[in-house]
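Take a moment with the sequence and the model below. We will walk through the pockets, then the helices around them.

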Amino acid sequence: MKTLLKNRELSALLAILALFVVLVALNPAYLSLQTLGMIFASAQILILLALGAGLVMLTRNIDVSVGSIVGLCAIAVGVALNNGYGLPVAILFALTIGAVAGAFNGLLVVGLRIPAIVATLGTLGLWRGAMLLWTGGKWIEGLPSSLKSLSEPVALGISPLGIVVLVIAALGAWTLSRTAFGRDFYAVGDNLAAARQLGVAVNRTRMAAFTLNGVLAACAGIVFAAQ
């Protein structure tokens with residue numbers, strides 16, 4: 001029991017499983033691949049945002065502008081596709097915008113030493129204003145089936161985008177736990193002075209956290225547009 005109380009991740013997982021068991025007991029039809037696929041599909045955006053937020057929080061910072069980055073990148077995909085560009089180009093365009101937005105946040109925090117909460121609150125409004133100017137406040141409609149098909153189940157109720165999300169999550173977990181690059185994030189957040197003395201590139205690591213957060217927010221925007 002003490003181990004369970006100390007391990008918050010395990011406690012949360014067991015609580016979720018317990019809730020799922022209760023729902024299945026009340027309605028056995030709830031336990032199906034279709035239901036599990038729907039639950040996972042609705043969680044894909046949150047999984048990507050949680051991965052990005054985790055990187056930033058490990059460096060003892062915060063980014064509250066990710067919601068606006070998601071919307072901006074979803075718009076980028078739609079605008080590129082409606083202007084005749086292919087799906088790979090549209091996705092690359094959105095990922096580039098996400099990376100630039102994340103790097104800009106990092107520049108404000110790391111380069112100009114503005115507190116992260118202040119900097120990202122400012123860019124939250126900036127990205128939201130950019131969305132309004134880009135679209136004129138109108139909905140983007142008529143997205144091609146090539147984008148929508150990415151969110152349609154292909155195997156075990158999981159879509160191609162769902163498979164990509166699982167791969168990204170697994171790659172992120174492996175990187176943070178098994179590589180020197182991943183352990184740098186923990187070192188920077190745990191003790192900044194000690195990390196510098198150990199030779200960790202502190203500023204580069206924090207910039208990487210914000211930039212990767214922007215890229216993952218762009219991935220979430222692509223999922224949002226496809227769904």
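What volume does the largest pocket have? About 480 Å³. Keep in mind that this is a predicted model.

Start with the overall build. The chain has 11 helices and 0 strands. Along the principal axes, the C-alpha atoms fill a box of roughly 55 × 55 × 25 Å.

Now return to the largest pocket. Its lining consists of 16 residues. Nearest the centre lie Ala74, Ile75, Trp139, Ile140 and Phe224. Which helices each supply at least two residues of this lining? They are helix 4 (66-82), helix 6 (116-135) and helix 11 (202-226). Helix 4 gives the largest share, with 5 residues. By class, the lining of the largest pocket holds 10 nonpolar, 5 polar and 1 charged residues.

The second largest pocket comes next. About 410 Å³ of space lies in it. Here the lining is made of 20 residues. Leu51, Leu55, Ile168, Gly172 and Leu216 lie nearest the centre of this second pocket. At least two lining residues come from each of helix 3, helix 8, helix 9 (180-190) and helix 11. Helix 8 supplies the largest share, 8 residues. How do the lining residues of the second largest pocket divide by class? There are 17 nonpolar, 3 polar and no charged residues.

Two of the helices that line the second largest pocket, helix 3 and helix 8, also pack against each other. Helix 3 spans residues 33-58 and helix 8 spans residues 160-178. Their axes come within 10 Å and cross at roughly 25°. That angle is why helix 3 counts as roughly parallel to helix 8: the cut-off for roughly parallel is under 35 degrees. The crossing of the two helices is left-handed.

Which residues make this contact? From helix 3 come Phe40, Gln44, Ile47, Leu48, Leu51, Leu55 and Leu58. From helix 8 come Leu161, Gly162, Val165, Leu166, Ile168, Ala169 and Leu176. By class, the contact of helix 3 with helix 8 has 12 nonpolar, 2 polar and no charged residues.

Look again at Leu51, Leu55 and Ile168. These residues belong to the contact between helix 3 and helix 8. Leu51, Leu55 and Ile168 are also among the residues nearest the centre of the second largest pocket.

Terms used. Residues numbered from 1 in each chain as written. Predicted model: local features only at pLDDT ≥ 70, side-chain atom pairs only at ≥ 80, totals over all residues. Heavy atoms only, no water. Axes fitted to C-alpha atoms, helices over the stretch in contact; angles between N-to-C directions. Helix = DSSP H or I, 4+ residues; strand = E, 2+ residues; numbered from the N terminus. Parallel < 35°, antiparallel > 145°, perpendicular 65-115°, else oblique. Left-handed = near helix turned anticlockwise from the far one by under 90°. Contact = heavy atoms within 4.5 Å. Nonpolar A, V, L, I, M, F, W, Y, C, P; charged D, E, K, R; others polar. 1 Å grid on protein atoms, 1.4 Å probe; cavity = no way out; pocket = protein on both sides within 12 Å on 5 of 7 lines; lining within 4 Å. Points joined across faces, edges and corners; volume = space filled by probe spheres on them.
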